[in-house]
Amino acid sequence: MISISVEQSCHYDSVQQLTVSAFEASKFGHQGESELIEALRDICERAISLVALDDRKVIGHVIASPAVIHFAGSERSGLAIGPMAVMPSFQRRGVGSQLVRAVVERADAAGESFMAVVGHPEFYTRFGFRPILDFGVQHCFEGMPDDVFFLRGLQTTFPDHFENGRLVYSNAFGRQDRFA
């Protein structure tokens, strides 16, 4: 039976190996996702990092780190999901869905305002995520399309629309100067 738990330091090596393996098997290959996870662990106090375990073996991992929506001279803080990885032999078996549900539940319980994610619309819309453009928000990464970014409000006070909203991830994700 698969269980979801908070990542511990004893999981770090397994998460690194899993992440490389999962992304190497993907369409784009490994692009430094395991190094990004290490950087997020080091600099993000509010990060939520979870592992999926099958008989104590790490088969999946997700991390959500701080993100901010800047708008009309104000800002709203939340979390951004990613990277998320599932061992190739366990993909398409519900492990990723369990990880998404768990990280959203923990973020909601922690009082976070929203969750953001980059990914496939067919997958993330099942969990209440909507395109960021529906909220009047654009991301700040140069060269990436807006239609792969999604948001989900977690609090009832989360606005349906932001005037010229700009979504900014943790600095660990690199340059975000699309509108500079």
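Which residues does Val103 touch, not counting those up to four places away in sequence? I started there, keeping in mind that this is a predicted model.

**Val103.** I listed its partners with sequence neighbours up to four places away left out: Ile48, Leu50, Val62, Ala64, Ile81 and Met115.

**Main core.** I then looked up the largest nonpolar core, which holds 39 residues. Val103 is one of the members that touch the most others, along with Ile81, Leu99, Met115 and Phe129. I checked which elements give two or more residues to this core: helices α1 (12-24), α2 (33-43) and α3 (95-109), plus strands β2 (48-54), β3 (57-71), β4 (74-86) and β5 (114-118). The largest share is from α3, with seven residues. For my own background: in soluble globular proteins, nonpolar side chains tend to be buried together.

**Second core.** I also found a separate core of 16 residues. Its members include Ile69, Ala80, Phe135 and Val137.

**Strand β2.** Next I asked how many of the seven residues of β2 are buried. I got six, so the rest of the structure largely encloses this strand.

**Pairing of β2.** I followed β2 to its partners. With β1 (residues 2-6) the pairing is antiparallel and runs over five bridges; there, Ile4 has Ala52 of β2 as its bridge partner. With β3 the pairing is also antiparallel, over seven bridges, and Leu53 is bridged to Val58 of β3.

**The turn.** Last, I looked at the hairpin that β2 and β3 form, with two residues between the strands. I noted that Asp55 in this turn has a positive phi of about 55 degrees.

Terms used. Residues are numbered from 1 along each chain as its sequence is written. This is a predicted model: local features need pLDDT of at least 70, side-chain atom pairs count only at pLDDT 80 or more; totals for chains, interfaces and linings use all residues. Side-chain values use heavy atoms; hydrogens and water are left out. A nonpolar core is a set of buried Ala, Val, Leu, Ile, Met, Phe, Trp, Tyr and Cys residues joined through side-chain atoms within 4.5 Å. Buried means under 20% relative accessible area, exposed over 50%, partly exposed in between (1.4 Å probe, protein chains only). Helices (H or I, at least four residues) and strands (E, at least two) are DSSP runs, numbered from the N terminus. Contact means heavy atoms within 4.5 Å. Two strands pair if DSSP finds at least two bridges between them.
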